[in-house]
Amino acid sequence: MPSQPALFDEDDSPACAEVVRKHVNAVALMPRDRKITLLARRSFNVLLHVAQRQSGKDIYSAPLSEIINLSRFDSNNYELLKKTLKQLMGTVVEWQSPTSGEFDVWEASTLLAGCKLIKNRKSGAITIEWSYSPQIREQLMGPDRYARIALDVVTQLRSHAAMALYEICVRYIDNPSHLTARQHWRWWRPVLTGQQDDPAKKPPQYRYFKRDVLAPAIAEINALSDIEVRGPVEHKGADNKTIEQIQFAVVRKKTARSAASRPAVRERELEPVDLPLIGRAIDAGVKQDDAERLLQEFGPEALSAGLDSLHKRAALPPGVVDPVQNPGRYLRAVLPGVLKKAAPAEVPAPAPRPKPAVVVDAPRRQARWLDEWLRRAREALRQEILALPDAERAHWQRQFREHLAEKRSALLKRFDTSGWTHSLFIQDFIRFYGNGTRGLGWDKPSAEQLLELAAEVGDTTA
């Protein structure tokens with residue numbers, strides 16, 4: 001068999017010696033028949049790291065103590081280790097890149113083809129041998145397109161979701177946009193959780209996936225790794241209401257960059273605060289490359305103001321102004337004025353037309369929009385409260401009761417017997433919960449939020 005190419009190029013050594021070159025098809029593992037556990041994924045990365053240093057072989061071997069140390073396997077339970085290795089041999093996954101259409105070949109395989117533990121009778125030392133299926137061995141050992149996975153990082157992460165998301169984000173760290181590929185959130189769910197959804201159970205909802213999986217994984221990565229992940233950057237579907245596709249923004253932490261880091265691909269390196277702005281521009285219909293160029297040329301403040309202008313213009317009732325056909329060209333036209341602060345960002349409105357009679361009712365329409373916005377915000381909080389674990393909901397009820405006691409409320413007994421859902425308390429309890437979780441002012445919508453609602457409900461009674 002011809003020798004494999006050297007594992008590490010100039011970018012990998014010597015400062016980052018413990019690096020796994022992971023083929024982009026292997027960072028987004030789509031489980032099919034069973035769950036991929038945290039320990040299984042961690043062990044897979046460690047075994048791959050060691051195997052890549054033994055190029056030109058079909059079967060790889062190492063002292064078991066080395067694998068245990070690299071895996072930070074804080075247990076002497078060899079039965080658990082055997083169980084993990086058997087899981088790697090029995091878990092079928094689809095090998096695919098997070099970027100749709102990047103490769104034309106679909107492949108499925110187990111994570112390991114075989115494994116053996118050999119004990120030396122004299123010394124008691126144990127050697128582990130393992131192999132990969134021919135379908136994926138070439139990709140794993142000599143990847144032509146890969147992500148550099150820092151082994152010391154992935155062995156510190158404590159959840160499968162964090163490890164999987166870290167590997168995917170690292171794959172896009174050097175992209176000029178610093179944005180991962182966009183995929184439907186239902187694609188992300190099994191990739192991050194390591195298991196397929198149970199078809200016998202109620203279909204999952206995005207808001208719970210965001211709360212229970214995405215938010216903790218992002219927080220864990222940002223706390224323990226060498227990168228910073230922002231997001232999710234959300235993209236609505238055709239109805240302009242439902243979140244369908246999501247992606248993530250990723251940059252290296254400044255403290256993790258060395259003097260030998262690669263020069264920036266573009267003149268202005270994107271900062272974390274810029275990345276959601278790119279996602280916002282994409283949502284507004286601007287091409288990603290155009291959004292990056294506008295950001296570099298005019299800066300984040302001007303681009304944000306221009307997007308505000310674009311959003312307000314799109315929210316105007318039909319017939320007042322012509323629709324924007326090319327959002328990127330619109331921003332290119334208005335941003336110089338924003339930058340110089342010589343003119344407002346909006347395109348000058350056409351000559352005034354006779355106002356329809358309904359405009360006379362503008363204050364009442366605005367009041368209806370405000371009432372509808374508050375109704376939706378309160379209902380969203382009510383549903384969130386109902387979805388809380390019992391212990392957490394009980395905590396908020398105790399806090400609210402203490403609040404009533406401090407006010408010397410005469411309704412304490414009624415609260416004790418009827419709870420927060422009683423008509424006497426529900427609105428106050430929702431406000432109390434909103435203040436505690438969102439901060440004061442959560443019930444005061446911004447002008448942009450009202451405009452967005454107005455564009456949705458129009459002039460009719462909400």
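The exercises below, each with a worked solution, concern a predicted model.

Residues are numbered from 1 along each chain as its sequence is written. Local features need pLDDT of at least 70 and side-chain atom pairs count only at pLDDT 80 or more, whereas totals for chains, interfaces and linings use all residues; side-chain values use heavy atoms, with hydrogens and water left out.

**Exercise 1. Determine which residues of the largest nonpolar core touch the most other members.**

Step 1. A nonpolar core is a set of buried Ala, Val, Leu, Ile, Met, Phe, Trp, Tyr and Cys residues joined through side-chain atoms within 4.5 Å. Buried means under 20% relative accessible area, exposed over 50%, and partly exposed in between (1.4 Å probe, protein chains only).

Step 2. The largest core has 64 residues, and the most other members are touched by Trp 130, Tyr 132, Tyr 166 and Leu 192. Helix H6 (residues 160-171) contributes the largest share of this core, 9 residues. Helices (H or I, at least four residues) and strands (E, at least two) are DSSP runs, numbered from the N terminus.

Step 3. Another core, of 21 residues, lies apart from it and includes Ile 282 and Leu 307.

**Exercise 2. Classify the aromatic pair of Trp 396 and Tyr 433, and state which parts it ties together.**

Step 1. Rings of Phe, Tyr and Trp (its six-membered ring) pair if their centres lie within 6.5 Å; planes under 30 degrees apart count as stacked, over 60 as edge-to-face and the rest as tilted.

Step 2. The centres of Trp 396 and Tyr 433 are 5.1 Å apart with 75° between the planes, an edge-to-face pair.

Step 3. Trp 396 lies in helix H14 (residues 390-406) and Tyr 433 in helix H16 (residues 426-438), so the pair ties together parts 37 residues apart in sequence. Both Trp 396 and Tyr 433 are buried.
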